[in-house]
Amino acid sequence: MPFRTRSAYAFLAPYLLVFATFWVWPIINSFLISFQNTRVNPWKFSLASNWGRLFGDPAFYNALYNTLIILVIQVPVMIALATVMAVLLNSPLLKARPLFRFAFFAPVVVGEVAYAAVFRLMFSIDFGIVNKLIGSVGIAPVSWFDNANAAMALVIIAVTWRWAGYNAIIILAGLQSIPEDVYEAATLDRVSKIQQFFHITLPLLKPIILFCVVLSVIGTMQLFTEPFLITNRGGPGGGTETLGLLLYRQGFTSLNFGYASAIAYTIAALAIAISLFNLWVGREPK
């Protein structure tokens with residue numbers, strides 16, 4: 001091996017060692033643990049205790065159902081909202097654009113505990129501003145934390161509020177890469193702004209939007225913070241418990257590390273499968 005090659009590997013060695021120790025080995029070890037019964041001492045191999053239980057566990061199917069409901073409703077709504085926000089932020093008619101861009105991105109950097117506490121106060125049935133607003137138009141107050149459907153809607157609203165601006169900034173970067181000549185030519189041909197949006201902007205933004213969809217799918221499959229902090233650990237009655245929350249409950253509350261590892265790999269497999277499906281659907285025709 002040439003000296004320069006050996007030198008390069010020598011400089012890379014510390015990083016590769018840390019990478020293998022804290023990333024590669026935990027992934028491999030977690031996969032091995034998923035095949036062991038960790039409720040006995042010492043642990044022993046048992047396929048049925050984790051993977052066998054997984055496919056017959058009502059709690060798993062409830063968490064999977066809740067996660068998919070959030071995925072199917074929240075992700076399309078958020079991406080559509082983020083696209084509209086990006087178009088508005090890119091408009092030359094908007095004054096103080098840098099300020100608005102920061103304002104839309106700000107929810108991502110807000111502390112999770114802080115914003116969860118604010119949402120709990122806003123949606124309180126007793127003194128929350130949301131119930132006061134809907135009550136002012138003659139609608140009965142909603143018990144957001146005691147009704148499963150209302151709690152699910154609250155989680156979707158919270159996740160959308162937190163991540164719509166983040167995706168809007170990514171889409172905005174894609175918008176700014178579109179040449180102005182394309183729009184100028186369309187304007188000369190008397191193509192309306194709405195037609196330009198649907199026939200020029202959206203097709204050219206397709207790879208960026210697809211990227212945001214894949215990121216959102218992966219994030220939703222791991223969703224933990226909102227159901228844990230806002231709806232009190234997946235309440236009411238497991239109505240907002242997600243796969244990420246089920247993993248936490250099994251791993252850190254019940255200390256059933258084997259079953260938690262099986263759930264973790266199921267989440268990863270589902271995220272990969274759904275992401276690949278989105279990439280296949282959004283592929284460019286040959």
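Okay, so let's start with a helix pair: α9 and α12 are roughly antiparallel to each other, because the angle between them is about 160° and anything over 145 gets that label. This is a predicted model, by the way.

Where are these two? Helix α9 covers residues 193-221, and helix α12 covers residues 257-281. Their axes sit 9 Å apart, and the crossing is right-handed.

Now, who touches whom? From α9 you've got Leu210, Val213, Val214, Val217, Ile218 and Met221. On the α12 side, they meet Ile267, Leu270, Ala271, Ile274, Ser275, Asn278 and Leu279. If you sort that contact by class, you get eleven nonpolar residues, two polar ones and no charged ones.

Okay, zooming out to the annotation. An unreviewed UniProt entry places the feature "domain: ABC transmembrane type-1" at residues 64-278. And what's the chain doing over that stretch? Over residues 64-278 it's 76% helix and 0% strand.

Last stop, Lys44. You'll find Lys44 in strand β2, which is residues 44-45. Which residues does Lys44 contact, if you leave aside its neighbours within four places in sequence? Those would be Phe35, Gln36 and Asn37. And if you want a distance to go with that, take Lys44 and Arg97: 53 residues apart in sequence, and 60 Å apart in space, going C-alpha to C-alpha.

That's my bit, thanks.

Key:
Residues numbered from 1 in each chain as written. Predicted model: local features only at pLDDT ≥ 70, side-chain atom pairs only at ≥ 80, totals over all residues. Heavy atoms only, no water. UniProt positions renumbered as here; feature names shortened; annotations may be inferred. Helix = DSSP H or I, 4+ residues; strand = E, 2+ residues; numbered from the N terminus. Axes fitted to C-alpha atoms, helices over the stretch in contact; angles between N-to-C directions. Parallel < 35°, antiparallel > 145°, perpendicular 65-115°, else oblique. Left-handed = near helix turned anticlockwise from the far one by under 90°. Contact = heavy atoms within 4.5 Å. Nonpolar A, V, L, I, M, F, W, Y, C, P; charged D, E, K, R; others polar.
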